[in-house]
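Please look through the structure below with an eye to its charged side chains, and follow how they pair up across the chain.

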Amino acid sequence: MLNTQENTMYKFLSGAMSRVMLLTAVLAFMVSCSEDDDPSPEAPVISNFSFGQGSDHGTGQVAYKGSDLHMEADIAADATVSSISVSIHGHDLTPAEGEEEWDFEQSFTDEKYMVKNATFHEHIDIPDNIPAGEYHITLTVTDDAGNTAETEGELEIMDLISYSDFSMDESVVRGSDIHAEFMVNAVHGVHHIVVDIHGHDLPVGEGEVEWHYENEFEDGYHGETEVEFHEHIDVPATAPAGEYHATFTIEDEEGNTTVIESHIEVSAS
């Protein structure tokens, strides 16, 4: 059996051990809470991503060649944003004559974006010599901790002036008329449509007169954003027979133009 002095010492050591264990548990709890209070930053969150034509600030996924593309998104991040990048590229589009492929890449590091919460707002110029069609657009946000977030969408880039269903006589007898028609879509409205028809170095025979036709059509077309061109053009009975070149120039209210070219054979009978 323990004597009184030994018993007292035993109780003292037991109490001290208990106090050490309790202090250790409290310290561990405090460290755990401290770690919970300071977790690793979460990846940024992108919301309300919208893109559309110019300054209209719409959510429509359409833009026009030679215009600009409005982009906007809300960004929330635990860590400070370090960069915002935009990528735009076409889906297997084949450039026509005079056109070039368009692959857009740009990183935005403006001071206004280098914060934890920001509204991304930019206008990106769209070249006027690229193929119309479907483009893929990607917005990527990177923060100082190396986290990234990405959102994407599909964008249809269209011509400011487009036409469809073009039809014109392939041949005509002089003294009759040429029938021509097609549909026109013009974002800014049609200003006028100019038709030019001329021969290819045709010899002028006896009783014939060189024929070069040019006329401006406004009535029924001016200011229209969607309209059918439908006209009959008289061919003089004195026009030399042969091949003629026909050009239809559509001009909109902003001075943009689209040209349709065709040929027609004029015969004597």
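**Salt bridges across the chain**

Arg174 and Glu208 form a salt bridge in which the closest N and O atoms are 2.7 Å apart, a salt bridge being a side-chain nitrogen of Lys or Arg within 4 Å of a carboxyl oxygen of Asp or Glu. This pair links distant parts of the chain, since Arg174 lies in the loop between strand S10 (171-173) and strand S11 (177-186), while Glu208 lies in the loop between strand S12 (190-199) and strand S13 (212-217), 34 residues apart. Strands here are DSSP runs (E, at least two residues), numbered from the N terminus.

The model is predicted, so that local features need pLDDT of at least 70 and side-chain atom pairs count only at pLDDT 80 or more, whereas totals for chains, interfaces and linings use all residues. Residues are numbered from 1 along each chain as its sequence is written, and side-chain values use heavy atoms, with hydrogens and water left out.

Across the whole structure, the search finds three salt bridges. Lys65 and Glu99 meet through their side chains in one of them, at 3.2 Å from N to O. Lys65 sits in the loop between strand S2 (62-64) and strand S3 (68-76) and Glu99 in the loop between strand S4 (81-90) and strand S5 (103-108), so this pair ties together parts that are 34 residues apart in sequence.

The side chain of Lys65 also meets that of Asp159 in a salt bridge, at 2.7 Å from N to O. Because Asp159 lies in the loop between strand S8 (148-158) and strand S9 (161-168), this pair ties together parts that are 94 residues apart in sequence.

Terms used:
Helices (H or I, at least four residues) and strands (E, at least two) are DSSP runs, numbered from the N terminus.
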